[in-house]
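Here are my notes for a colleague opening this entry for the first time. Please read them with the model on screen.

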2 protein chains.
Amino acid sequence: MTLTQQDAIAFDAADPLAPFRERFVIGDEPIAYLDGNSLGRLPKATAARLRDFIDHEWGARLIRGWEEKWVELPTSVGDLLGRELLGAAAGQTVIADSTSVNLYKILHAAAGVRPDRKEIVVDDTNFPTDRYLVESVAAERGLTVRWISPELVENVTPALLDSVLGPQTAIVLLSQVDYRSGTLLDLAGLTAQIQAAGAVVIWDLSHSVGVLPIDLDAAGVDFAVGCTYKYVNAGPGAPAFLYVAERHLAQARQPITGWWSVADMFAMSGDYEPAASIRKMLSGTANVLGIVSVEEGVKLLAEAGIEAIRAKSIALTEFEISLVDQWSGSSAQTLVTPRDSSLRGGHVTVRTPQARAIADHLIANGIIPDFRNPDMIRLGLSPLTTSFAEVWAAYETARSFGYSS
Amino acid sequence: MTLTQQDAIAFDAADPLAPFRERFVIGDEPIAYLDGNSLGRLPKATAARLRDFIDHEWGARLIRGWEEKWVELPTSVGDLLGRELLGAAAGQTVIADSTSVNLYKILHAAAGVRPDRKEIVVDDTNFPTDRYLVESVAAERGLTVRWISPELVENVTPALLDSVLGPQTAIVLLSQVDYRSGTLLDLAGLTAQIQAAGAVVIWDLSHSVGVLPIDLDAAGVDFAVGCTYKYVNAGPGAPAFLYVAERHLAQARQPITGWWSVADMFAMSGDYEPAASIRKMLSGTANVLGIVSVEEGVKLLAEAGIEAIRAKSIALTEFEISLVDQWSGSSAQTLVTPRDSSLRGGHVTVRTPQARAIADHLIANGIIPDFRNPDMIRLGLSPLTTSFAEVWAAYETARSFGYSS
């Protein structure tokens, strides 16, 4: 059955989340924005909240703002994000720093759990920051990096993990959704497998948070990190989050021991005494504008409901995949995202030798995709803002590229 | 000669920087804000720029903003701040992360300069973050912390440094202006002394940047860090800066090796190859709203001119000290800030057993000072925003406390 523009119109008409699109700033261009998985659109509530914050909190309360509220923002918004998006009880999540800095701290904390073991496992298809930081922390702590090389589409399978897990495995770092293929891993199952081998797991949730249900506490996850400028729509360079399971908190240590990590930061005492709480994972002064933006982004997702978001995400990716098939015909592009919706996150990726040229053609015609070196086009579908009409517009424009089979 | 309110009025009338006060958001209250050295007031240009950025860059350009401009902000605004406020030629300064995270990275980079040496020197009166991070990095790298214990008013003298500098000294970390006493160290002289002993110096400029001229290149400083939410007025939790002298760049290594630190961040290649430039000191995604705020803050300071700012800073602190003397009479409060203007920065600190009660009395009457545990009141005088009338209002209110001799 051939899909038509009428189908896109019908899907939008039937979409229960369609009204949320009006809660974002959406102008006449781009015609289609398929990069909300890289930088989310601007929620109108965030623009208003930032204006209010700048004028009436920073500008008017000045230094009093810290005591009145700002000091608690890393944990209060951390708890909110944990509850609404991570399945995390209070006291385990903070908003702070960048994903890179948080992952660095979490790797150190995780390395303290099994100091008797010598290996960190990571896949060589993981996001660069994750790979580079594993190498850096391993070198600092005298550990060895045990690389695994998954297939792009399958990503890390239980069998592949099984081939490396052993008595020396201290840590396994995995991304729940692969930044290129969009493959969704079995967070609970792999966590159990890793822990059965006596190791701890760190999940990078950057490409899954805000687009699908996550239940860290129920899965017994040890540690997690993630960013907020993708599906959480908190803006360019908004602060990231980190999660430490309550059972690891007492022992957890991280080396960037700034004044925000101590038990009583205003005592300014001589001896370093880390906070007993998750605040021990903080370092320097909180980025208040950024955390306020995270708060608004999380509130909007919570209002829509993460189950409804996941349902629309699946519908969007199904539609996108059907159009890719319809477009491809006999040509050379290959879908690298799993066709089974239970195995994929919120974006769809196509591999083709002409990826750069097609991406340029789309951009020249008001469609924004995401190009990934060297040969992939990533189509990010953000359930609160992406319409089926946008997906259709991208398809129409791609067809006009005149891709020859 | 007794100072009167008329003197304050006359000083304001003659102040060439007085018009800059109108460039900031200043409401009816507080009556006097003497904490601009902790969190600066909001520049009107920054509020406008942030509104414009949110609506027209984040909201409208979306992901295109990164390629169009945002990716370069850490270095372009770093160069601006370096040129206008640090005496630093281009290519040595970035805006990123927090002061704590930056100091952590700089300590690691500095430790690589003299790997044959084993000691880091730091004073036990330094800001907590500085002390804690020195301990953390020393432990990580197998170094020893060599503590020095300066007098609060004098702070670190050449003689005190001389007593510890030796063949094992790898790094000395100093704050140019002490966060409590306001004592200003001789940056060029101490740098030369430290380097003559074969060590490198890290200067924490958090309490000096934006309030007095700094000339890092001319003094041959090795490394520096500092914050931007004090005299640079970039807002609560705005990103910090770091400086690496050009001669150290090729060898410098820092361990938070996120994707923003590599030679080609969009190549996402397998092997970690740090940028050849100062970008190697970056880690994760830049906090764009924060850097934009730093840019506006620096531009305003540059427009006023750092020499004029320093001249007004000295006039303000002279006036404040005279009023403290006039108020003190026979009572127990003690000035801990040097009376010689060449030896102090932009704030004035008084020590008194009733500091907490006096601070509360000031706050209850619309005057915001800064209280420092356990017995100090710190009066921050920010040259672009603090009027002599504000200083007078604080004096009048302090007198009404009824401090008994």
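**Notes on the domains and the chain pairing**

1. Start inside chain A. The centres of domain 1 of chain A and domain 2 of chain A, taken over C-alpha atoms, are 28 Å apart. Keep in mind that this is a predicted model.

2. Check the domain bounds next. The assignment for chain A puts 5-42 + 305-399 in domain 1. Domain 2 is 69-303. Domain 1 is therefore written as two segments, and domain 2 as one.

3. Now look at where the two domains of chain A touch. Domain 1 of chain A brings 27 residues to the contact. Domain 2 of chain A brings 22 residues.

4. Which elements supply the domain 1 side in chain A? Helix α12 (306-328) and the strands β10 (347-351) and β13 (376-380) each give at least two residues to the side that touches domain 2. The largest share, 5 residues, comes from α12(A). By class, this side of domain 1 of chain A has 10 nonpolar, 10 polar and 7 charged residues.

5. Turn to the pair of chains. Chain B is superposed on chain A by a rotation of 180° with 0.0 Å of shift along the axis. The RMSD is 0.0 Å. That is the relation of a two-fold axis. Both copies use the same surface: 100% of the contact residues of chain B recur in chain A.

6. How many residues of chain B are in contact with chain A? The count is 57 residues of chain B against 57 residues of chain A. In chain B, α2 (44-61), α5 (99-111), α6 (128-141) and α11 (288-304) each supply at least two residues of the side touching chain A. The most come from α2(B), with 8 residues. The side of chain B that touches chain A divides into 29 nonpolar, 20 polar and 8 charged residues.

7. Look closely at the two α2 helices. The axes of α2(A), residues 44-61, and α2(B) come within 10 Å and cross at roughly 165°. Angles over 145 degrees count as roughly antiparallel, so α2(A) is roughly antiparallel to α2(B). Their crossing is right-handed.

8. Finally, pick out the residues where these helices meet. In α2(A) they are A:Ala47, A:Leu50, A:Arg51, A:Ile54, A:Asp55 and A:Gly59. They meet B:Ala47, B:Leu50, B:Arg51, B:Ile54, B:Asp55 and B:Gly59 in α2(B). By class, the contact of α2(A) with α2(B) has 6 nonpolar, 2 polar and 4 charged residues.

How values were computed: Residues are numbered from 1 along each chain as its sequence is written. Chains are lettered from A and ligands numbered from 1 in the order in which they are written. This is a predicted model: local features need pLDDT of at least 70, side-chain atom pairs count only at pLDDT 80 or more; totals for chains, interfaces and linings use all residues. Copies are superposed by least squares on the C-alpha atoms of residues with pLDDT of at least 70 in both. Two residues are in contact if their C-beta atoms, placed from the backbone, lie within 7 Å. Helices (H or I, at least four residues) and strands (E, at least two) are DSSP runs, numbered from the N terminus. Ala, Val, Leu, Ile, Met, Phe, Trp, Tyr, Cys and Pro count as nonpolar, Asp, Glu, Lys and Arg as charged, and the others, Gly among them, as polar. Axes are lines fitted to C-alpha atoms, for helices over the stretch in contact, and angles run from 0 to 180 degrees between N-to-C directions. Angles under 35 degrees count as roughly parallel, over 145 as roughly antiparallel, 65 to 115 as roughly perpendicular and the rest as oblique. A crossing is left-handed if the near helix is turned anticlockwise from the far one by less than a right angle, and right-handed if clockwise.
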